[in-house]
Structures are given as C-alpha cells and as structure tokens.
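The following note sets out a few points for discussion. Please read it alongside the sequence and the model.

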Amino acid sequence: MSKNRPLVLYVLLILILFLAFGGLYRGTILVKDPSGQLLQLDIKFIQQTFFRNYLWPGVILLIFNGLFPLFVSIGLIKGRWLLWPEKLNIFKTGKWPWAFSLYAGIILLAWIMIQLMIIGYIGILQVWLAIIGITILMLTLTPTIKNYFKK
C-alpha cells in the first residue's frame, strides 16, 4: 500500500492485537488447563452446557479470537500480501484485510453473545470485550478505513 496510513488504522490495529493476544493467552491457558482454574473460571459454568470442561471453548477461543485476529493484524499492516484470503472476502469493494477486520469484530460479538446465552454474565470482561467488538466494527466502517482499503 503506497498511501499514507491513517491514524485511525493504528487504533484499529491496537484493538485487534489486544483481541489477538487476549485470545491467544486465554485460549492457550484453557487448552492447558481445561478445568478453568488458572483463569479463575468455575467449572460449574461450563458443565451446565454440553461441554464437560473448557477444552473445546479454549480451542475455539484460541483459533477465532486469537490466531484469526493476529492474521488480520498482519493483513492490516502489510495490505495485500496474500491473495487467497480474497476468496473469503464477501465485500467486493474493499480488500480482504478490511473485510477480515469486520469479521473479527463480528466473531468477537458473536462469542460474547453466545457466552451470555449459554453461561450468563460472569464478569466485567464480557462487557469490555463487547465494547471492543463494537469499536472494531465502528472503526472498520469509518470512511477513512474504508477508503484506505478500497479496491
């Protein structure tokens, strides 16, 4: 990308990296310790669902709110450094890093909504993550970001 990077892109990038590192950290901990004790999660929350422990939620968290946002952040920095993700871009007016940034915000909000439906409210972190998800969506949809990643 030859255009100068807008300031709002850095804010978006920071939020997506925050999401990525949080997902990588918490997902890895849940995979290593499916009881949830290391994250001070009560096992009874997850046992009220179809999961016996936090292993599979940890794997899902690691992939979708850890590795995926990390991939998105690299795309936001490097631009069109790969061509294959464009096949997964349902928005034909913007480049894939822009679309994947939207996907990351949507995935985070879906994660929180499903979590609230399945285990209920368990802490302020859910509220903060919902705010981060909404902010990621809002920043991605700003004209500045949309124009920067316009095809």
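1. Buried means under 20% relative accessible area, exposed over 50%, and partly exposed in between, with a 1.4 Å probe and protein chains only. At 22% relative accessibility, Leu82 is therefore classed as partly exposed. The model is predicted: local features need pLDDT of at least 70, side-chain atom pairs count only at pLDDT 80 or more, and totals for chains, interfaces and linings use all residues. Residues are numbered from 1 along each chain as its sequence is written, and side-chain values use heavy atoms, with hydrogens and water left out.

2. Leu82 sits in the loop between H3 and H4; helices are DSSP runs (H or I, at least four residues) numbered from the N terminus. Apart from neighbours within four places in sequence, Leu82 has contacts (heavy atoms within 4.5 Å) with Phe71 and Trp96. Pro34 lies 48 residues from Leu82 in sequence and 35 Å away in space, C-alpha to C-alpha.

3. Helix H5 (residues 124-140) comprises 17 residues and reaches 24 Å from its first C-alpha to its last, close to the 24 Å expected at 1.5 Å a residue; the expected span is 1.5 Å times one less than the number of residues. Among the buried residues of H5 are Leu129, Ile132, Gly133 and Ile136. Their cover includes helix H1 (7-32), helix H4 (96-119) and helix H6 (143-148).

Note on methods:
Helices (H or I, at least four residues) and strands (E, at least two) are DSSP runs, numbered from the N terminus.
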